[in-house]
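Colleague: Would you walk me through a model, feature by feature? I would like to learn how to read each one.

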Amino acid sequence: MRDVAIGYIFISTAVLILWISIVVRKGKLKRRLTDLKEELRENH
Amino acid sequence: MLKKSLGLASIVLMPIAVYLIFFYASTEKTMGIVQKIFYFHVPNALLSYASAILLGFASIMYLIKADRAWDRFGSVAGELGVVFTSTAIVSGMIWGKPAWGKYWVSWDVRLNLELILLLTFIAYLMLRAYLPNEEKRATLSCVFGLLAVLNIPFNWLSIYFLPTQHPQPVVSPGGGGLEPDMWIAFYVSFIAWFVLYGYLFVNRLEVAKLQEEVDYLEHKVRMA
């Protein structure tokens, strides 16, 4: 049972880390995109 | 819409799959509880193949059309390939210890081909990280994309024709088969994993697109 639990926890953690990294990166990029668009508007 | 549907479907299907695996499907007589790793191991291994096929397809399309959208598509497949090949290998090792007495059998062709697939995905991503020129990066990384997809037929057929300790196929042609309750748990788990993969793929693709937009605007701001 211990082996199975370790396996399932490992797989779930790997996928969870991937999902969190995607969400965090998306948030950061969206903010950066807004800043850049504003910067460009100010420059013009 | 597609993203939301896939996300919702994953949230619903995953707990159902876990319930079916642990509380519905009967425990296999010879292997006991450790056999339950099979319900996650097989879909993850198939998703590692799917990643390689998507990466290979994207590489070929990029070489034909020189469209950066295909390069983006390939990079996402490569990234997901690292995750799902790793989970397939680790879950296989966890199963291997009680079944074979050791985590890794060095001469086993199937195991080594899966490891080579993981290394190919990693090499693909490393190459992309080190090459600053976008066009050069996209073209050269296609080589690794094609190497990844070349691995798949050998990997798939290795248990039929080459020396391996890996169990003979259960779900593919010529397989030993499963009990009906095991089939249900397997199919639900299989669908849940493929839906989750689709959800992650669509989201990661969106991130890649955003990154390109940011890079373009940063360049524009510098030039202004």
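Modeller: Let us begin with one pair: H3(B) and H4(B) are roughly antiparallel to each other, because their axes make an angle of about 150° and angles over 145 degrees count as roughly antiparallel. Please keep in mind that this is a predicted model.

Colleague: Thanks! Which quantities describe two packed helices?

Modeller: Two packed helices are described by the angle between their axes and by the distance between those axes. For H3(B) and H4(B), the axes lie 9 Å apart, and the crossing is left-handed. The contact of H3(B) with H4(B) has 13 nonpolar, six polar and four charged residues.

Colleague: And how are H2(B) and H4(B) oriented to each other?

Modeller: Here the angle is about 45°, with the axes of H2(B) and H4(B) 11 Å apart. These two helices are therefore oblique to each other. H2(B) passes H4(B) in a left-handed crossing.

Colleague: Before we go on, how many helices and strands does chain B have?

Modeller: Chain B has six helices and zero strands, so from the N terminus its elements read α-α-α-α-α-α. The C-alpha trace of chain B spans about 70 × 40 × 25 Å along its principal axes.

Colleague: What does the secondary structure of chain A come to?

Modeller: Chain A has one helix and zero strands. Along its principal axes, the C-alpha trace of chain A spans about 65 × 5 × 5 Å.

Colleague: At what angle do the axes of helix H1 of chain A and H6(B) cross?

Modeller: The general idea carries over to helices from two chains. The axes of helix H1 (residues 2-43) of chain A and H6(B) cross at roughly 30° and come within 9 Å. H1(A) and H6(B) are therefore roughly parallel to each other, and H1(A) passes H6(B) in a left-handed crossing. As for the residues of this contact between H1(A) and H6(B), 18 are nonpolar, two polar and 11 charged.

Colleague: Now for empty space. What does rolling a probe over the atoms show?

Modeller: A probe the size of a water molecule, rolled over the atoms, shows where empty space is left. In this structure, a search of the whole model finds one cavity of 30 Å³ or more. This largest cavity has a volume of about 40 Å³.

Colleague: Which helices of chain B each supply at least two residues of the lining of the largest cavity?

Modeller: Those are helix H2 (38-65), H3 and H5 of chain B. The largest share, four residues, comes from H2(B). Among the residues lining the largest cavity are B:Leu55, B:Tyr62, B:Trp70, B:Asp71 and B:Cys142. By class, the lining of this cavity divides into seven nonpolar, three polar and one charged.

Colleague: How do I read a pocket, say the second largest one? Which residues lie nearest its centre?

Modeller: A pocket is open, whereas a cavity is a space that the probe cannot get out of. The second largest pocket holds about 500 Å³ of space. Its lining has 18 residues, and B:Ser75, B:Arg128, B:Arg137, B:Arg204 and B:Gln211 lie nearest the centre. By class, the lining of the second largest pocket has five nonpolar, two polar and 11 charged residues.

Colleague: Which helix gives the most to the lining of the second largest pocket?

Modeller: H6(B) does, with six residues. Helix H3 (68-100), helix H4 (109-130), helix H5 (134-161) and helix H6 (180-223) of chain B each supply at least two residues of that lining.

Colleague: How far apart in space are B:Ile64 and B:Lys220?

Modeller: B:Ile64 and B:Lys220 are 29 Å apart, C-alpha to C-alpha, and 156 residues apart in sequence. For B:Glu134 and B:Leu117, the separation is 17 residues in sequence and 24 Å in space, again C-alpha to C-alpha.

Definitions and conventions. Residues are numbered from 1 along each chain as its sequence is written. Chains are lettered from A and ligands numbered from 1 in the order in which they are written. This is a predicted model: local features need pLDDT of at least 70, side-chain atom pairs count only at pLDDT 80 or more; totals for chains, interfaces and linings use all residues. Side-chain values use heavy atoms; hydrogens and water are left out. On a 1 Å grid over the protein atoms alone, a cavity is a set of points where a 1.4 Å probe fits but cannot get out, and a pocket is an open set with protein on both sides within 12 Å along at least five of seven lines; lining residues have an atom within 4 Å of a point. Grid points are joined across faces, edges and corners, and a volume is the space filled by probe spheres set on the points. Ala, Val, Leu, Ile, Met, Phe, Trp, Tyr, Cys and Pro count as nonpolar, Asp, Glu, Lys and Arg as charged, and the others, Gly among them, as polar. Axes are lines fitted to C-alpha atoms, for helices over the stretch in contact, and angles run from 0 to 180 degrees between N-to-C directions. Angles under 35 degrees count as roughly parallel, over 145 as roughly antiparallel, 65 to 115 as roughly perpendicular and the rest as oblique. A crossing is left-handed if the near helix is turned anticlockwise from the far one by less than a right angle, and right-handed if clockwise.
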